Amino acid sequence: PRSTLFPYTTLFRSGRVLSLQGKFAEAESQFGTALKLKPRDAGIRRSYASALAEEGKREAAVQELREALRLQPQVEGRIQLAALLNETGQFHEAVAEYRQVLASQPEAAEALSNLGWLLATCSDPTVRDGSEAVRLAEQVCRLTEFKQAQTVGVLAAAYAEAGRSTDAVATAQKAIELATTAGDARFARDRKST
C-alpha cells in the first residue's frame, strides 16, 4: 500500500528514530531535509534541536529552539531552551526564559525548580539570589507536598545560598531520606557528598 504520509513527515520521523539510536549525523540530515520542505514547522525544529543538543552542538540547538519558539511559543520549548542556555553558560538568558514560563504558568513545577536551582547554585555570582531561590523552591515544594527528593534538594541549596545553614542541613537530610525511600541511591549518594 502506498504511504499517505507527507515526505517531510517521513523525514521527521526518520530523524527522530535515528536520533534515539544515537545516529546523530544521519538524524541531522533527515531533519535538515524535512526543514527544507517545511521550514515553519516548530515541532521539527524542536526535535532537531534535541538531536543537536545530544550531539553536543548546543549553540546550534539554541538557535533552532529560538526559531521554534518564534514560530510557536510553547512552555515545554521555553523550558528546553532555558536548560540549554544554562548548559552553554548563558545564565542571564536562561533566567529570563524561566521567568517567561512562570509569568504565564506560575505553578509550572519544572520551571520553579530549575530557576530556584539556578539562582541558588549558579557559578556566576551576578545570577545568584538566595532569597528568590528560597521563595521559588518553597513554592515548588508546597506544590509537590514536600515529597520529591529533587525539589526538596533545590530548597536545601536555596537555604544554603541564603545563608540559612541550619535549614539547609535539615532540608538536605530530608531530601536524602526521600531519595533513599524512593530507591534513588544515586541522588542520595550525590547529596551526601555535597
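1. Contact between α7 and α9. In this predicted model, helix α7 touches helix α9 through S113, G116, W117, L119, A120 and T121. On the α9 side, the partners are T151, G153, V154, A157, A158 and E161. Sorted by class, this contact holds six nonpolar, five polar and one charged residues. E161 belongs to α9's share of the contact, and Glu counts as charged.

2. Geometry of the pair. Two packed helices are described by the angle between their axes and the distance between the axes. Here α7 covers residues 109-121 and α9 covers residues 149-161. Their axes come within 8 Å of each other. The crossing angle is roughly 30°. Angles under 35 degrees count as roughly parallel, so α7 is roughly parallel to α9. The crossing of α7 and α9 is left-handed.

3. Salt bridges in total. Side chains of opposite charge can pair when their charged atoms come close. How many salt bridges does the model have? The count is 12. Three of these pairs are described below, among them E67 with R70.

4. E67 and R70. These two residues form a salt bridge, with the closest N and O atoms 2.6 Å apart. Both sit in helix α4, which spans residues 58-71. They are three residues apart there, so about one helical turn separates E67 from R70. Are these side chains buried or exposed? E67 is partly exposed, at 23% relative accessible area. R70 reaches 52% and counts as exposed, because the cut-off for exposed is over 50%.

5. Look next at the salt bridge between E55 and K57. The N to O distance is 3.6 Å. E55 is partly exposed, with 28% relative accessibility. K57 is also partly exposed, and its relative accessible area is 36%.

6. K38 and D41. The side chain of K38 meets that of D41 in a salt bridge. The distance from N to O is 4.0 Å. For a salt bridge, the cut-off is within 4 Å. K38 has a relative accessible area of 30%.

7. Points to check on the structure. Find α7 and α9 and follow their left-handed crossing. Then locate W117 in α7 and V154 in α9, which are among the contact residues. Finally, trace E67 to R70 along α4.

Methods. Residues are numbered from 1 along each chain as its sequence is written. This is a predicted model: local features need pLDDT of at least 70, side-chain atom pairs count only at pLDDT 80 or more; totals for chains, interfaces and linings use all residues. Side-chain values use heavy atoms; hydrogens and water are left out. Axes are lines fitted to C-alpha atoms, for helices over the stretch in contact, and angles run from 0 to 180 degrees between N-to-C directions. Helices (H or I, at least four residues) and strands (E, at least two) are DSSP runs, numbered from the N terminus. Angles under 35 degrees count as roughly parallel, over 145 as roughly antiparallel, 65 to 115 as roughly perpendicular and the rest as oblique. A crossing is left-handed if the near helix is turned anticlockwise from the far one by less than a right angle, and right-handed if clockwise. Contact means heavy atoms within 4.5 Å. Buried means under 20% relative accessible area, exposed over 50%, partly exposed in between (1.4 Å probe, protein chains only).
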